[in-house]
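Dear colleague,

Please read them with the model open beside you.

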Amino acid sequence: MNTQNPAIDQDTITALTERFAADPTARVAQNAVATTDVDTLSLDRSVVASTDPTVSNRVDSWHAANQRKSGRCWLFSGLNLLRSGVIDRLDLEPDFQFSQAHLHFWDKLEKANWFLTSMIELADRALDDRTVHQMLADPIGDGGQWDMFVALVTKYGVAPKYAMPETFSSSNTHSMNAQLEKILRRGALVVREAAAQGRGERARQEILEQVHRVLSIHLGTPPTSFIWQYRDKDGNFVRGGELTPTQFAAQVLTVDVDDYVCLVNDPRPSSGYNRMLTVDRLGNVVGGRPVRYLNVEIDVIKRLAAQIICDGQPVWFGCDTVPQSDRERGIWDARLHDYEGVYGIDMSTTKAERMVSGQSAMTHAMVLTGVDLLDGAPRRWRVENSWGDEKADKGFWTMNDSWFAEYVYEVAVPRRLLPAELAAVLDTEPAVLPLWDPMGALA
């Protein structure tokens, strides 16, 4: 029997304090951090000086979008991917955008239905069941995945921004989300009780009506149709007539989103490469496209992403955007911040170790719009962020290739570009990961 007392005693505290006081480098760091933010202090100036935004292959000719104070990056980046081809084909001005609020509205309503449907299906489980509790913790957040974007575009189409413009709540979602969470958490209790009495579906519809009302108040009512007309860069006026969002999508989109599949890089041995993965209870549209990933090595993702850019198309991708980043300059590099040098301790971890320990997961989605190739190998990448045009290169960031391998988790690529051996894996049964798995994180 181990009788050692694990509590920190006074002798230990004294020894640690004396050891710290005797270390001159520790005291220098202490003095520096007392007056300077550690991110500024740890910034490796040589990395900053050697990073410039030029790339050998670049596709962007449009203005950066701005999601403002919302978590809609996956919707913005998906629509940014779609608008690039439309701007080129129709010769539109570079400030053309699709309505993000349009898909935002339908995503919220669909997520509410997804949540309530799951609460009915899981009504026989206790409220502290881990899956039920995980869903209650975030019943209607802003985040999403590529397949969730595809499900929305397939069902609801797209609209130009003027047909459903931004509102205060679409750009500042915190207060609206807080009210929706109250409605849905209460709704979970209502539908669970109703399900036990055979009235679950009726209760679900009643709660959905409440959600629809709140969304309409905050975001406005989505257009059933709109007049599509525009003036191109040469000054020519084009009248497209009255269209529904699905008719508009069929007429103007140059990208078939249903042809795109999601490749991920999950290096955990338990996940396995060249294997399909999915996440239990992750999605938005009931009956829509399920969330499925093909797990591949990072070099496969890099090669296909570079190929797509060289072919003239941007690439939707998801990453853990915060580590080793400089928001003011718009730079990512795996060695951008030398925290080990500041603290004098080993802080190294692998990508798999960060995933299993909860240190890292996908937190943000953006669009790759350029790649700098040297002898066929990528050196850096150009990224359209959806944080406006005031930072970085007018809203376009620079990602050194060292960062890509460590913090990029997924990309959407056309199925037709996959080699035959990977394409064959797409139709296999996926391994099911729990909802709380890192691969269940939403951008």
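A residue is called buried when its relative accessible area is under 20%, and by that cut-off Asp-107, with a relative accessible area of 1%, is buried. Please keep in mind throughout that this is a predicted model.

Asp-107 forms a salt bridge with Lys-111, and the closest N and O atoms of the two are 2.9 Å apart. Lys-111 also counts as buried, at 7% relative accessibility. Both belong to helix α6 (residues 100-121), where they are separated by about one helical turn because they stand four residues apart.

A second pair, Arg-125 and Asp-129, meets through the side chains in a salt bridge of 3.4 Å, N to O. Here Arg-125 is partly exposed, with a relative accessible area of 35%, and Asp-129 likewise counts as partly exposed, at 22% relative accessibility.

The salt bridge between Lys-391 and Glu-328 has its closest N and O atoms 3.0 Å apart. Lys-391 lies in the loop between β11 (377-384) and β12 (396-400), while Glu-328 lies in the loop between β8 (325-326) and β9 (331-332), so the pair ties together parts that are 63 residues apart in sequence. Of these two residues, Glu-328 is exposed, with a relative accessible area of 54%, whereas Lys-391 counts as partly exposed at 31%.

Finally, a network of salt bridges links Asp-52, Asp-372, Arg-379 and Arg-380, and the count for the model comes to 24 salt bridges.

Technical notes. Residues are numbered from 1 along each chain as its sequence is written. This is a predicted model: local features need pLDDT of at least 70, side-chain atom pairs count only at pLDDT 80 or more; totals for chains, interfaces and linings use all residues. Side-chain values use heavy atoms; hydrogens and water are left out. A salt bridge is a side-chain nitrogen of Lys or Arg within 4 Å of a carboxyl oxygen of Asp or Glu. Helices (H or I, at least four residues) and strands (E, at least two) are DSSP runs, numbered from the N terminus. Buried means under 20% relative accessible area, exposed over 50%, partly exposed in between (1.4 Å probe, protein chains only).
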